[in-house]
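This report describes a few parts of one protein model. Look at the sequence and the structure before reading on.

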Amino acid sequence: MSEISIALTTYNGGRYLRQQIESLMAQTMPFDELIICDDTSTDETQTILKEYTDKDSRVKVHYNTDNLGFKANFAKALNLCTGNFIALCDQDDVWLPNHIETLYNNIGDRLLACGDAELIDIQGNRINQRLSKIKNFNKKGDDCKSIFRFIAYYQNPFQGASMMMRREFLNIALPIPSSVKYHDVWFAHLACAMNEFIYIDKPITMYRMHGDNASGNHVHKNHWRSILGHIVKKNLGNNRKEVIDAIENKIGRIDASFRPLIKEATTYYNNNRGYHDRLRNMIFELKNHKSIYG
């Protein structure tokens, strides 16, 4: 069994792929295997991948016969990894040289670690902005309860491609529920609910923003506008109800002290049937404003 695996998924990503793979090869802590699942690319992606398999035995490519979609493709790549620690990777980012080393040295006995990302534009130019900043995230990195609430009621500040997980987490987190839209939201929220998440307030990834990111576009989101959106039933949390329901199905694996928070969130998202329910939610958010958004 390997110590460190990287799970990379590709689909028509030839424009940025070489730069990303080269950043993996230049890590201060080397990996043991790079597992790549290509989701039926039709551009130069497969040609680029062959170049790397021909010159580095650690690179192992699996070509899908049918297009699985980004979520199922990531799950496949994770299942194929053999390492004790698995780092998730996107095809269009660039890893800073200490990406693996930072995650590996900070995960400790937790099941999932995540670092911050520095944003770059489509050409790869730094734009002097961090993902945590545009997400208004300033929680203590090991305060899983506060982070759980931040994700549940506000937004997800974590990029999957800045995560590293222990192998045993796969047995709990996979399969990714079909009702859950994004794998990074699922992994972060579930790990928090298990009290097994750690965040490192340090950029380890250069996250390319180009409008076609599989995990969606990350833009600044005012929390007062978010609250108002919940109340008028225009914004129910971007798939959060489905995430909470899926976590509730894992209740046997959840840290007992988190179960009241899950019940609280379930009640919150069920309280959108009428004006009075939404009014109760508004009062809840105002009363808990500091613990959720602060």
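## Two packed helices

In this predicted model, helix H6 (residues 144-153) packs with helix H8 (residues 183-193) at an angle of about 145°, and their axes are 8 Å apart. The crossing of the two helices is left-handed.

On the H6 side, the contact is made by Cys144, Ile147, Phe148, Ile151 and Ala152. On the H8 side, Val185, Ala188, His189, Cys192 and Ala193 take part. Sorted by class, the contact of H6 with H8 has 9 nonpolar residues, 1 polar residue and no charged ones.

## Nonpolar cores

The largest nonpolar core has 58 residues. Those with the most contacts inside this core are Phe148, Phe158, Phe169, Trp186, Phe187 and Phe197. Helix H8 gives the most to the core, with 8 residues.

Leaving out residues up to four places away in sequence, Phe158 touches Cys114, Leu131, Phe137, Ile147, Ile151, Met163, Asp184, Ala188, Phe197 and Tyr199.

## Thr28 in its loop

Thr28 is in the loop between helix H1 (14-25) and strand S2 (33-38).

Apart from neighbours within four places in sequence, Thr28 is in contact with Pro97, Asn98 and Glu101. The side chains of Thr28 and Glu101 are joined by a polar contact of 2.6 Å. Thr102 is 74 residues from Thr28 along the chain, and the C-alpha atoms of these two residues are 9.6 Å apart.

Key. Residues are numbered from 1 along each chain as its sequence is written. This is a predicted model: local features need pLDDT of at least 70, side-chain atom pairs count only at pLDDT 80 or more; totals for chains, interfaces and linings use all residues. Side-chain values use heavy atoms; hydrogens and water are left out. Helices (H or I, at least four residues) and strands (E, at least two) are DSSP runs, numbered from the N terminus. Contact means heavy atoms within 4.5 Å. A polar contact is a pair of N or O atoms within 3.5 Å; within protein, one must be able to donate a hydrogen and the other to accept it, and residues adjacent in sequence count only if both atoms are side-chain atoms. Axes are lines fitted to C-alpha atoms, for helices over the stretch in contact, and angles run from 0 to 180 degrees between N-to-C directions. A crossing is left-handed if the near helix is turned anticlockwise from the far one by less than a right angle, and right-handed if clockwise. Ala, Val, Leu, Ile, Met, Phe, Trp, Tyr, Cys and Pro count as nonpolar, Asp, Glu, Lys and Arg as charged, and the others, Gly among them, as polar. A nonpolar core is a set of buried Ala, Val, Leu, Ile, Met, Phe, Trp, Tyr and Cys residues joined through side-chain atoms within 4.5 Å. Buried means under 20% relative accessible area, exposed over 50%, partly exposed in between (1.4 Å probe, protein chains only).
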